Every structure is written in structure tokens, then in C-alpha cells.
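Good morning, and thank you for the time.

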Amino acid sequence: MSYQVLARKWRPRNFESLVGQEHVVRALRHALDEKRLHHAYLFSGTRGVGKTTLARILAKSLNCETGISSHPCGKCSTCVEIDAGRYVDLIEVDAATNTKVDEMRQLLENAVYAPSRGRFKVYVIDEVHMLSTSAFNAMLKTLEEPPEHIKFILATTDPQKIPVTVLSRCLQFNLKQMPSPAIATHLARILAEEKISAEEGALKFLADCARGSMRDALSLLDQAIAHGGGKVTEKDARAMLGAIDDAYLYTILECVARRDAKGMLAAAEEMRSHSVAFDSALQDIGSLLHRVALAQAAPGAFDAAGGLPERLAAMAKALDPEDVQLFYQIAIHGRQDLPFAPDDFAGFTMALLRMLAFATSAEGAAERVKSGAEKRAEAPSAPGTQRQAGFDGDWPKLANALSLGGVAKQLAQASELQRFDGDSLELCVPPAAKHLAEKSFQDKLRGALQEHFGKPVRLTVRVGDTGGNTARDRAAAAISQDAFVRDLVENFDATIVESSIKPAQ
């Protein structure tokens with residue numbers, strides 16, 4: 001007997017065995033049990049989430065010889081033939097290969113004839129968005145007022161391409177991508193039935209790789225069983241898919257946290273020696289940074305979801321939350337830049353070096369600690385008295401002198417002073433830089449000002465037009481007035497990219 005792949009062998013044959021689409025199953029069950037049957041249904045969702053499977057279960061429920069029910073018997077000749085794909089009154093059409101209007105007209109001409117055996121003649125049109133405009137127009141009238149013995153079930157991965165006139169004639173159900181834990185649980189259940197041993201970590205890894213598709217997960221499981229010689233281990237699954245060892249990712253981010261460029265590049269070189277796909281590496285670094293951000297924001301919730309690894313917890317403490325957000329953006333944009341890099345390794349390492357270049361300065365952090373200690377030592381011992389640092393009103397100069405890094409530093413350098421009375425300070429940032437004015441960045445700037453002045457300072461940041469008197473404007477003016485730069489602009493048609501200009505520290 002020939003081998004049957006797991007995706008076909010374990011295709012759900014009733015609503016009870018369908019995983020991850022409870023919201024759709026509930027609506028269809030109620031409709032079937034109460035005999036409130038629509039003439040056209042539209043199932044939308046990404047590949048492998050159960051659109052065609054759901055269509056076949058619905059067809060069985062409509063035509064089962066025991067009667068219309070949400071619990072088809074699965075034993076009568078109708079149910080058996082539908083499961084086998086040979087039921088005469090279930091017509092499955094692939095719209096991707098039958099896009100023309102003539103093919104649709106021929107299909108609809110046969111629709112007027114009564115079903116040969118069942119109660120209903122069920123048309124399942126897969127990838128219906130691939131039909132031509134003329135084909136859609138040809139089916140509109142039949143779709144709106146079909147014969148009583150006809151049921152249409154349309155399936156698509158791209159409902160936006162379906163005309164509104166068709167959508168309005170269907171009951172629409174959006175099938176969700178399946179969560180990884182549900183996929184892993186289902187894989188474990190299947191392997192228990194197949195009497196195949198598997199590591200929990202391997203199933204979780206395969207479920208994550210499936211990206212919400214149960215069919216993809218079952219195909220990967222088939223491949224993992226073959227690769228592992230009848231057993232599924234996490235090591236074999238990762239080797240099979242060329243996955244990156246998390247140890248590399250942790251090492252790289254730990255080196256970034258320590259500002260250890262040499263160690264970071266050594267880890268990247270070792271990854272290259274193992275023929276790692278650097279696009280996937282940047283994607284995995286983004287995923288790890290996401291977990292770090294979660295661990296920083298809600299460690300209790302992270303623990304409840306299955307424990308917080310020690311190395312991840314240590315990284316959450318070592319990295320500034322502001323830097324985590326910045327590194328995440330660099331990793332995401334680094335993937336987009338890979339096609340334009342000299343080669344993938346160069347693109348990958350440049351993304352890592354960009355993290356180092358824009359990270360909060362370790363020396364600056366140490367200087368803030370030292371500065372704070374010195375100010376506390378210099379402060380008068382009398383209760384309630386504080387030292388006022390000098391400020392001559394030159395905000396761009398002060399913005400560059402503050403012990404800041406990352407986005408908070410950009411906020412200071414992009415803002416313009418509006419008012420300062422010794423106790424409160426009001427800044428204005430232009431609309432183009434309003435993203436810098438988030439509360440977390442304001443809090444860091446407020447803390448640096450408090451260290452500088454030696455007392456609490458009320459900080460207000462508003463968004464509005466500025467007069468060109470920011471640290472960034474001053475740096476841009478200095479660049480544009482430089483003789484060498486002017487020569488490049490005049491003789492070589494060069495352009496100054498103002499967003500790349502940074503004031504001298």
C-alpha cells in the first residue's frame with residue numbers, strides 16, 4: 001500500500017477535528033442545525049488554514065444521507081465518496097486554471113440540472129479571485145438567484161481582488177492563521193497516533209516555521225520524520241531547515257550590549273562559515289529583540305507563558321529599552337537593504353555595526369553616573385538646597401553637552417528652546433520629528449536635565465514650527481558653509497542629506 005502524506009491522511013473530516021477556526025465552525029454549526037442555509041459562502045484566509053477542508057465538511061453536512069446536520073455520519077456512501085474526492089454532486093473548480101468567461105458559462109449551464117444523488121449540487125471554486133472580470137460578471141446572476149438545489153462555496157487567499165458585487169452576495173468567513181501552540185499540540189496528537197517519538201522543542205520549532213499554516217506544519221513534520229529516521233528531534237529539525245542556532249543571536253546582541261565590535265564580528269564570521277542565510281539571521285534577531293522587549297515590559301506575563309530563559313532575562317537587563325526598539329528597527333530595515341548590499345554578509349555586518357553606531361554610548365552612561373556622583377558630592381549639605389548649573393540660553397550647545405544617547409539625544413538636538421525660567425523648560429520639535437517626542441524619550445531628557453541643573457526641572461515638549469535654532473540646524477548650517485562641501489555641491493552636483501547630519505559631540 002502506498003504511503004499517504006500526513007497532510008492528506010489527517011485532513012479533518014468533521015467540525016470536531018478542525019483546529020483553530022472555532023469562530024467559523026460555531027456559525028456554520030448553528031446555521032446547519034437550524035436549517036438557515038445560505039446559497040453562497042466565501043472562505044478567505046492564507047494557505048493551509050482549512051478553506052477547502054471546511055468546504056468539504058460543509059458539503060458532507062448538506063448531503064449526508066442521515067439528513068442535514070452539523071454532525072455528518074462519515075459512514076454513508078455520500079460521506080465516504082466526498083472524503084475520497086469522487087462524489088458526483090461535489091464539483092471542485094480551480095479558478096487559477098479556469099479563468100475565462102466561456103469556462104464559467106459552461107459551468108453555470110450545467111448548474112440548472114438537478115443533482116444526481118444528493119440534496120444539493122455543491123460548487124467549490126478555489127482561488128476565486130483569479131477569475132477574470134468577464135467571468136465574474138457571468139456568474140453574478142446565478143450567484144444572486146441560484147436554483148434551490150445549488151450551493152456555492154468560494155475560497156480565496158486574496159478577498160480584496162473579488163468584486164464587491166460578488167462579495168455582497170456571499171456569507172463571508174475569514175479564517176485565521178493558526179497559533180503556534182495549537183499547531184504544536186495537534187502535531188503531538190498526530191505523532192502519538194502514529195507512534196512516533198518527538199521532542200517538544202522540535203514540535204514548537206516546526207509550528208513556528210509553519211507561520212500559521214497547518215498544512216505547512218504537517219509537510220514539515222513529514223520531512224522531519226524522514227530526516228530523523230523515524231523520530232523527530234529539535235537538533236535534526238533545525239539542521240534540516242538550516243535554522244540558526246540561538247546561541248549565535250544571543251552572542252551577537254550580548255556583544256552589542258558590551259559595545260564589543262570585535263566579538264560581534266567574530267560571531268558573524270562564524271555564522272558565515274556555517275553557510276547561514278543572513279536574511280533569516282536578521283529576521284531571527286528581530287524575533288529575539290521582540291522577546292527582549294516583552295521581557296522588559298511585562299516579565300510577569302512572559303514567565304506565565306512558559307518561563308523566561310536566564311540568558312534572555314540577563315539581556316533584558318543589559319540592554320536599554322530605547323536601544324532594543326532601535327535595534328529592532330535596524331534589523332527590520334537591514335533585511336530590506338540586503339538586495340542592495342555588495343553581498344549578504346556585508347549587508348548583515350553593516351546592520352550590526354549600525355546598531356553599535358547608534359546605541360546609547362557606554363561611556364556616556366558611565367559619565368552620567370560619575371557626573372551624578374560629583375554633583376551630589378558638591379551639593380550643599382543643608383536640607384532643601386540645591387546647586388543651579390549655569391545656562392546662558394544657548395540650547396543647541398547644552399543639547400550637545402547633555403549626557404544622553406540614542407533617540408533621547410536626537411530629541412534634544414532636534415528641538416528648539418521656547419522658554420526657560422530656571423525651574424521649567426519648554427521645547428518645540430518640528431512636525432517631521434514629532435516621533436521623537438514620545439514620553440519615554442522626554443523622560444530620559446528630563447533626567448539628563450535634572451543631572452545637569454542639580455534639581456528637578458519641569459519639561460514640556462510640543463510639536464510646531466521651529467525657527468531654525470536647533471543643534472541639528474546649527475550643524476547643518478556649518479556643513480553647508482564648509483568650503484569643501486560647497487565645492488562638491490557646485491562642481492559635482494552633490495546633495496546634502498540633512499537627516500544624516502549629526503552635531504559634533
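I begin with helices H8 and H10, whose crossing is right-handed; a crossing counts as right-handed if the near helix is turned clockwise from the far one by less than a right angle, and as left-handed if anticlockwise. Helices here are DSSP runs of H or I of at least four residues, strands are E runs of at least two, and both are numbered from the N terminus.

Before going further, this is a predicted model, in which local features need pLDDT of at least 70 and side-chain atom pairs count only at pLDDT 80 or more, while totals for chains, interfaces and linings use all residues. Residues are numbered from 1 along each chain as its sequence is written, and side-chain values use heavy atoms, with hydrogens and water left out.

H8 spans residues 180-194 and H10 residues 214-227; their axes are 11 Å apart, at an angle of about 45°. Axes are lines fitted to C-alpha atoms, for helices over the stretch in contact, and angles run from 0 to 180 degrees between N-to-C directions. H8 is therefore oblique to H10, given that under 35 degrees counts as roughly parallel, over 145 as roughly antiparallel, 65 to 115 as roughly perpendicular and the rest as oblique. From H8, Ile183, His186, Leu187, Ile190 and Leu191 meet Met214, Ala217, Leu218, Leu221 and Ile225 of H10, contact meaning heavy atoms within 4.5 Å.

The second pair is H17 (residues 321-337) and H18 (residues 344-358), whose axes come within 9 Å and cross at roughly 150°. H17 is therefore roughly antiparallel to H18. Here too, H17 passes H18 in a right-handed crossing. Among the H17 residues that meet H18 are Leu326, Phe327 and Ile330, and the H18 side includes Met355 and Phe358.

Now the sheet: 3 strands, in the order S6-S7-S8, form an open sheet with mixed pairing, where two strands pair if DSSP finds at least two bridges between them. At its edges lie S6 (416-420) and S8 (458-463), each pairing on one side only. The twist averages 20° from one strand to the next. S6 pairs with S7 (residues 424-429) in the antiparallel sense over 4 bridges, and Arg419 stands opposite Glu426 in S7. Helix H22 (residues 439-453) lies across S6, S7 and S8 and runs at about 140° to S8.

Finally, confidence: mean pLDDT, the predictor's per-residue confidence from 0 to 100, is 82 for the protein, and 86% of its residues reach 70 or more. Over residues 362-388 the pLDDT is below 50, and this stretch has 23 contacts in the model beyond near neighbours in sequence. Where pLDDT is low, the predicted coordinates should not be read in detail.
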